[in-house]
Amino acid sequence: MPVPENALPIWTLLYDETVAVHAYWKLFNQLFGGSQDQLDLLNRSAGFCFYVIQDALATDIQLTLSKLSDPAESHGKANATAEHLLNEIRSLRTPASVDGLHRLLQSFIDACKPIRAARNKMIAHLDRATALQTGQVTGVPSTTVAQVHEALRALRNFMNAAAEYLGEAPTAYELFITRGEGGDDLVSLLRMAERYQILQKEEKIPWDDLPGD
């Protein structure tokens, strides 16, 4: 059964955003969620570069989760959010029939509260008191790995329940496959490159030779 016309645009957008945020999170964990030995390798290879990548991925993931958990409307303008999708689905069904979906939405919104706090105070905006630690502020809002895991889990639950209402098959968002282009592959190449450099320094490989020559 095709997705109803009125819900198709918001469903397609949120589906793509959900896939993307899971892909970014998987890449983040592949690069920065490994052993201390792996983190040391990244720092030795291009420390500043990987710091920027880590910061950019973390920022984008938090912004995406915050945006998707925003209200359907703010300041008189509609937002493309999970709540907006629920409202479109509600227009297709009797209100009572979407109670379960509403509970899943609320679970997602609740899971995103600490992430939204970080977004509002330090990422999308720079709250002066928070940034300068003045007044009654006792700490800068920060997001933990566990909080992101929980928010993503709640998002998956909501999106797959919404898919059922719309006649779509569920998606294993958390199993996003990079097919040879992910963080694990990059780490493997860095290990090979570092080993090659060691062999060069030990004069076991000529400096003007490259693998495959």
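User: Which residues does L85 touch, not counting residues up to four places away in sequence?

Analyst: Quick heads-up: this is a predicted model, where local features need pLDDT of at least 70, side-chain atom pairs count only at pLDDT 80 or more, and totals for chains, interfaces and linings use all residues. Touching, or contact, means heavy atoms within 4.5 Å. With sequence neighbours up to four places away set aside, L85 touches I10, W11, L14, F158, M159, A162 and L166.

User: Which residues touch the most other members of the largest nonpolar core?

Analyst: A nonpolar core is a set of buried (under 20% relative accessible area, 1.4 Å probe, protein chains only) Ala, Val, Leu, Ile, Met, Phe, Trp, Tyr and Cys residues joined through side-chain atoms within 4.5 Å. The largest one here has 44 residues, and the ones touching the most other members are W11, L65, L85 and L101.

User: And which element gives this core its largest share?

Analyst: Helices here are DSSP runs of H or I with at least four residues, strands are runs of E with at least two, and both are numbered from the N terminus. At least two core residues come from each of α1, α2, α3, α4, α7 and α8. The largest share, 11 residues, comes from α7.

User: How far does α7 reach from its first C-alpha to its last?

Analyst: Helix α7 covers residues 145–165, which makes 21 residues.

User: What do the buried residues of α7 pack against?

Analyst: Among the buried residues of α7 are L152, L155, F158 and M159. F158 and M159 also turn up in the contacts of L85. The buried residues of α7 pack against α1 (8–32), α2 (36–68), α3 (82–90), α4 (99–111) and α5 (113–123).

User: Is H75 buried or exposed?

Analyst: H75 is in the loop between β1 (73–74) and β2 (77–78). Its phi is positive, near 55 degrees, though H75 isn't a glycine. Exposed means over 50% relative accessible area. Because H75 has 82% relative accessibility, it counts as exposed.

User: What phi does R179 have?

Analyst: R179 is found in the loop between α7 and α8 (183–201), and its 72% relative accessibility makes it exposed. Despite not being a glycine, R179 has a positive phi of about 50 degrees.

Note on methods: Residues are numbered from 1 along each chain as its sequence is written. Side-chain values use heavy atoms; hydrogens and water are left out. The expected span of a helix is 1.5 Å times one less than its number of residues.
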